[in-house]
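Hello,

Here is the structure to look at. Please open it beside this email, and my notes follow below.

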Amino acid sequence: MMKLLDIAVRPAKGEPMQRVESAQLTQLNGITGDHRSKSGRKQISLLSLFSWQCACNELGQSLPWTIRRANLLLDIAPFTSADVGRILCIGPARIEICVETEPCRKMDEQVPGLRAALTPEWRGGVCGNIVQDGIIHIGDTVHWLDASSEED
C-alpha cells in the first residue's frame, strides 16, 4: 500500500525545511506554511522514497530526505514521464502531476554530487498543482485516480 511518509515546508527563503505532521493543501495557495505557496504548475513537490534511496546509494551516503527540498516524501514507485497529467490522491487532497523536478545547483552546495545522483530516471521527483483541497497527514494512504474509474 502506498502512503505519505513525511511532510516538510520552508517558512521563508533560505531557511531549512521543517518537518510537520500535517498540512493544508489548497488550489489557491499550494501547501500552507511554505514560502513558495502559490497557484500554478509547481505548487508542491513530491519525492519517491525509492528514488531518494537510489540517489543516496549512488553517493554512498545516508542523507535526510529534506535536503532535497521537496514537500512530500512518499512510499510510492518512482515517478516517470508517464505520470505527468495523472492525479495523485493523498487523503482528501488531489494533486495533478505536472512536471519533473529538475535538480538545481543548490543540491551540490549541500552535498557534492547530489545533483548528478538525482538527475537520472526522475529521481529528483515531480512538481504538481492542487486540484482538490484537503488536509493531509503523515501516514495517509496514497493512490492514483484512474481517469476511467474512481481509483487505480
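**The pocket**

The largest pocket holds about 300 Å³ of space. On a 1 Å grid over the protein atoms alone, a pocket is an open set of points with protein on both sides within 12 Å along at least five of seven lines. Its volume is the space filled by probe spheres set on the points, which are joined across faces, edges and corners.

This is a predicted model, where local features need pLDDT of at least 70, side-chain atom pairs count only at pLDDT 80 or more, and totals for chains, interfaces and linings use all residues. Residues are numbered from 1 along each chain as its sequence is written, and side-chain values use heavy atoms, with hydrogens and water left out.

Lining the largest pocket are 17 residues, each with an atom within 4 Å of a point. Arg36, Arg68, Arg69, Thr101 and Cys127 lie nearest the centre. The lining has nine charged, four polar and four nonpolar residues. Asp, Glu, Lys and Arg count as charged; Ala, Val, Leu, Ile, Met, Phe, Trp, Tyr, Cys and Pro as nonpolar; the others, Gly among them, as polar.

**The cysteines**

There are zero disulfides (pairs of cysteine sulfur atoms within 2.5 Å). Take Cys127: the closest cysteine sulfur, in Cys98, is 8.4 Å from its own, too far for a bond. Cys127 counts as buried, because its relative accessibility is 5%. Buried means under 20% relative accessible area with a 1.4 Å probe, protein chains only.

Eight strands make an open, mixed sheet, in the order β2-β1-β6-β5-β9-β8-β7-β11. Its edge strands, β2 (18-20) and β11 (142-145), each pair on one side only. Strands are DSSP runs (E, at least two residues), numbered from the N terminus. Two strands pair if DSSP finds at least two bridges between them.

Strands β5 (residues 44-48) and β6 (residues 72-75) run parallel, joined by three bridges. There, Leu46 stands opposite Leu72 in β6.

Now look at β7 (residues 87-90). Ile87 and Cys89 point one way, Leu88 and Ile90 the other, and all are buried. Strand β7 pairs antiparallel with β8 (residues 93-100) over four bridges. It also pairs antiparallel with β11, over four bridges. In the hairpin of β7 and β8, two residues lie between the strands, and Gly91 takes a positive phi near 55°.

Best wishes

Key
On a 1 Å grid over the protein atoms alone, a cavity is a set of points where a 1.4 Å probe fits but cannot get out, and a pocket is an open set with protein on both sides within 12 Å along at least five of seven lines; lining residues have an atom within 4 Å of a point. Buried means under 20% relative accessible area, exposed over 50%, partly exposed in between (1.4 Å probe, protein chains only).
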